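Try each task yourself before you read its solution.

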Amino acid sequence: MDKMPKWADVVLIPVISLILAAILSALVILAIGENPVEAVNLMVTGALGSTYGWGYTLYYATNFMFTGLAVAVAFHARLFNIGGEGQAMLGGLGVAMVCLYIDWPHWSIALLAAGLGAALFGAAWAAIPAYLQAKRGSHIVITTIMFNFIAAAFLNYMLVNVMRPQGSQDPATARFPEAVHLPTFQSMFSTAENVMFRGAPANISFFVALLACVVVWALIWRTRLGYEIRAYGHSETGAVYAGISPVRITIVAMLISGALAGLMAINNVMGEAERLVLNSTEGAGFIGIAVALMGRSHPFGVFLAAILFGFLYQGGAELALWTSIPRELIVVIQALVILFTGALDNMVRMPLEKLFLAMRKGAE
Amino acid sequence: MEFFVTLIQVLDSTIRLATPLLLACLAGLYSERAGIFDIGLEGKMLIAAFFSAAVAAVTGSVWLGLLAGIGASLVLSALHGVASITFRGNQLISGVAINFLASGLTVLIAQSWFQQGGRTPSLFGGGRFEPIEFPFAEAISGVPIIGPIYSELLSGHSILVYIAFLMVPLTWWILFRTRFGLRLRAVGENPAAVDTAGVSVVGLRFAAVAICGVLCGIAGAYLATALQAGFVKEMTAGRGFIALAALIFAKWRPWHAMWACLLFGLLQAIALRFQNIDLGGVVIPVQVMDALPYILTVVILAGFVGKAIPPRAGGEPYVKER
């Protein structure tokens, strides 16, 4: 018998963790001499009070959905993919190559090709750590961390020495041609008299991210492969007994994870920057960890958590603009969320389990 | 002769750059030998760097700064201990959280205290660790070969550099020649056996995590008060992860850790001095030097050149009764 009803595990624990993180963040804001209530007000109006704010919130959320799904898929196979950052960087390289070196007649075909390129490059970057984990037993966490740094150096090399247009000092590629510019929310939802999402970077990739959430849900809970991934994640010995190959599952799960992280590049590189710059990922790969933990590795949870973090990112930028609170406050909140929903999970869980047991005894 | 002068300068800078790596690497050694994975070395160094520079800037005393740095690092260690030992949480996730916490808090507090865009004021005078001159260093600096080696390479570093290198034999002695060390290693291999012998697994692991905190604290203080004069945002720049790489490269052994850190320090020193290296037609770009520590570590991890096997109970929380 479960110690707790399912809803408590899925809803109550993340919510309590979030409240704890919020209380601590409020204390931090108080400690640096600002007013937390005012800060929350500013964040809400800045991120959700206008279509412009929503345009940024959803843009960030798109990034986090991809990286969050990436971490979540790996979590289901009990693999901790810290390499989302590097995989997303490589995804950016894939997008840049597709967009720069091939002439595209229309953005829609280009989006398909760029998505494929991004996913391929991301998956390729996850393939080596996956192979080493599966075949050589090298710890996936360490290898993916190392691959983040190698990716950064590699991207730096490509941008400075190979892809930088002649005469440019900036370590970045040339701008992508007009034909591959993705439709933004502004062009999609504005009417002649009413301009919506003016200047905000949210674009059609948001819907690709939504689609990815649905596809991942179907994959994990409605396919044979998904079942095998979950079975392997629950018990390796059990999975082996059932004839599931650990090597195959490790590699396949990591390839899917890397592909999802790489896919983020259609949003930030193709949709927003429209060229590849250094540090285009801006840590989104790591936020994926917080998003996946918060969302309990379920695509719907990831969707909600990604929106929440999108709100935090846009709200944090507004805070930095209007108050003396620097943007790094978001990094602290992110750390607290990871801490409470990930590492200190038992701290919240143990007392709750006791409470539910006591209540059940009382009812009998 | 010109080559020799350059060599001495590069090696001198190697020692400076290897010091924070070595301290952090030994810190990780204690923790991981006791079965607690620590990918939060980076964060602990960063917070120590900030608090040491901040306190040194305010009080003008670098020693108080060092203490503050160690204290701050210990707080994060305690957090890691509570999460991964007491509440048996995921040690890797806890490490990730600690890195972000340090990265955010340092800038937040720096901005609130000093309003200089996330940095501390520059340190000078008693706020920094000054180089220590060995006796007769001036006198024999003119002697060929030995002179420069003694007076430039070995002499003239801050005290923390010498402490770091003395920590290597000390660590070896503690781990392999004392009862505490034996128990510490045992708790990383087979905690149940240690528990059966009536020794507290939790106590030993907390001790290891605390030692790790102290050493990371010294490493961070060295960065901000000796290598550089003050704290700047993200000043650890991945050193905690290079130290982690060195630890794997050294297969969790103190003397090897020193050589690994010196090697990675040398790579940093070369990258700093030469940028792109022209080897008669073949140019090695500077990015290769940046990536080399990580590539070497992956090769070692892959087990193609001597397999790296971590302590067996590493990463697993210990549950007393099943």
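In chain A, 75% of the contacts with a separation of 6 or more are between residues 24 or more positions apart; two residues are in contact if their C-beta atoms, placed from the backbone, lie within 7 Å. This is a predicted model, in which local features need pLDDT of at least 70 and side-chain atom pairs count only at pLDDT 80 or more, while totals for chains, interfaces and linings use all residues. Residues are numbered from 1 along each chain as its sequence is written, and chains are lettered from A and ligands numbered from 1 in the order in which they are written.

**Exercise 1.** Compare the radius of gyration of chain A with that of a compact globule.

*Solution.* Start with the rule, taken over C-alpha atoms: 2.2 Å times the number of residues to the power 0.38. For 364 residues this gives a value near 21 Å, and chain A has 21 Å, so the two agree. Next, look at the extents: the C-alpha trace spans about 75 × 55 × 35 Å along its principal axes.

**Exercise 2.** Check the length of helix H1 of chain A, then find its kink and its buried residues.

*Solution.* Helices are DSSP runs of H or I with at least four residues, numbered from the N terminus. The expected span is 1.5 Å times one less than the number of residues.

Finally, the buried residues of H1(A) are A:Pro14, A:Ser17, A:Ala21, A:Ser25, A:Val28 and A:Ile29. Buried means that 20 or more other C-beta atoms, placed from the backbone, lie within 10 Å of a residue's own; exposed means 12 or fewer, and partly exposed is in between. Their cover includes helix H4 (91-114) of chain B.

**Exercise 3.** Is A:Ala124 buried, exposed or partly exposed?

*Solution.* First place the residue: A:Ala124 is in helix H5 of chain A. Then count: A:Ala124 has 17 C-beta neighbours inside 10 Å, so this residue is partly exposed.

Conventions
Helix = DSSP H or I, 4+ residues; strand = E, 2+ residues; numbered from the N terminus. Bend = angle between axes of the 7 residues up to and from the residue.
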